[in-house]
Amino acid sequence: MTTVEVDAAVAAAARESLRRAGLGPTVVTGDGYGGHLPGAPYDRVIATCGMREIPYAWVEQTAPGGIVVAPWGTRYGNGDAVARLVVEDGVASGRFTRLVRRAAVRHGDYVSQEGADGADASTTTVTEAEFHTGRYTQYGPRRLWDEVEAAFRWWTGRGKPGVERFGLTVDAGGQYVWLDDPAASWGI
Ligand SMILES: C[S@@+](CC[C@H](N)C(=O)[O-])C[C@H]1O[C@@H](n2cnc3c(N)ncnc32)[C@H](O)[C@@H]1O
């Protein structure tokens with residue numbers, strides 16, 4: 001078993017915790033993006049940091065039938081979903097299982113008691129729907145709001161599919177997202 005951590009302090013803490021727990025995986029301090037060839041092939045590759053791209057090196061270093069699990073998202077937001085990909089014939093493919101659960105942040109986590117005590121509390125009557133209705137001004141070579149609307153209509157037109165209906169395929173040429181059917185994918 002091998003684990004890769006880029007932050008030397010976190011890697012050192014992991015080494016110590018693992019030793020105390022009686023576990024002895026190889027702890028590599030470095031960039032996990034390239035995997036870790038000396039330990040390959042792996043039956044399972046599990047990422048615990050958000051990915052925008054699944055590196056092909058991971059596919060190459062996974063045994064046939066092996067599984068890659070990683071929180072994955074686009075560059076347009078931070079709402080990642082868990083990708084579960086099965087590797088066969090140099091291609092990793094599979095669906096998203098669910099959205100990544102984010103730790104609940106409470107008001108008191110970032111506002112001191114002193115600040116909270118002196119604050120005025122009120123309730124707004126502005127709804128989210130009202131907030132998003134209005135005029136938009138677009139500049140530059142792309143009409144981004146038009147693209148957002150088109151993407152929203154595409155999504156609503158397909159019954160507002162949840163992440164479980166989407167999947168990801170990674171091959172030597174890049175990564176592709178699909179809805180329902182891996183054969184109908186688009187690059188990202
Ligand atoms: C959410 S924390 C998870 C920490 C720990 N692995 C765990 O599961 O509890 C994400 C970790 O990924 C590490 N990380 C981010 N990018 C990395 C990379 N390219 N290679 C290796 N580690 C990376 C960060 O330093 C951070 O410690």
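This is a predicted model: local features need pLDDT of at least 70, side-chain atom pairs count only at pLDDT 80 or more; totals for chains, interfaces and linings use all residues.
Local features were considered at pLDDT of at least 70 and side-chain atom pairs only at pLDDT 80 or more, whereas totals for chains, interfaces and linings use all residues. Residues are numbered from 1 along each chain as its sequence is written.

An open sheet of seven strands is found, with the order β3-β4-β5-β6-β7-β8-β9 and mixed pairing. Strands (E, at least two residues) and helices (H or I, at least four residues) are DSSP runs numbered from the N terminus, and two strands pair if DSSP finds at least two bridges between them. The edges of the sheet are formed by β3 (42-46) and β9 (185-187), each of which pairs on one side only. On average, neighbouring strands of this sheet are turned by 20° against each other, direction ignored; the axes are lines fitted to C-alpha atoms, for helices over the stretch in contact, and angles run from 0 to 180 degrees between N-to-C directions.

Within the sheet, strand β4 (residues 62-72) is paired with β5 in the antiparallel sense over six bridges, and V68 has L85 of β5 as its bridge partner. Five bridges, also antiparallel, join β5 and β6; here the partner of V87 is A92 in β6. These two strands form a hairpin with two residues between them, and D89 in the turn has a positive phi of about 50°.

The side chains of β5 (residues 81-88) alternate along the strand. A residue is buried if 20 or more other C-beta atoms lie within 10 Å of its own, exposed if 12 or fewer, and partly exposed in between, with C-beta atoms placed from the backbone.

Helix α1 (residues 8-20) has 13 residues and reaches 18 Å from its first C-alpha to its last, close to the expected 18 Å, which is 1.5 Å times one less than its number of residues. Of these 13 residues the number buried is zero, so α1 lies largely in the open. Just after the helix, G22 takes a positive phi of about 75°.

The ligand is surrounded by V4, E5, V6, D7, V10, D31, G32, Y33, T48 and C49, a residue being near if its C-beta atom, placed from the backbone, lies within 6 Å.
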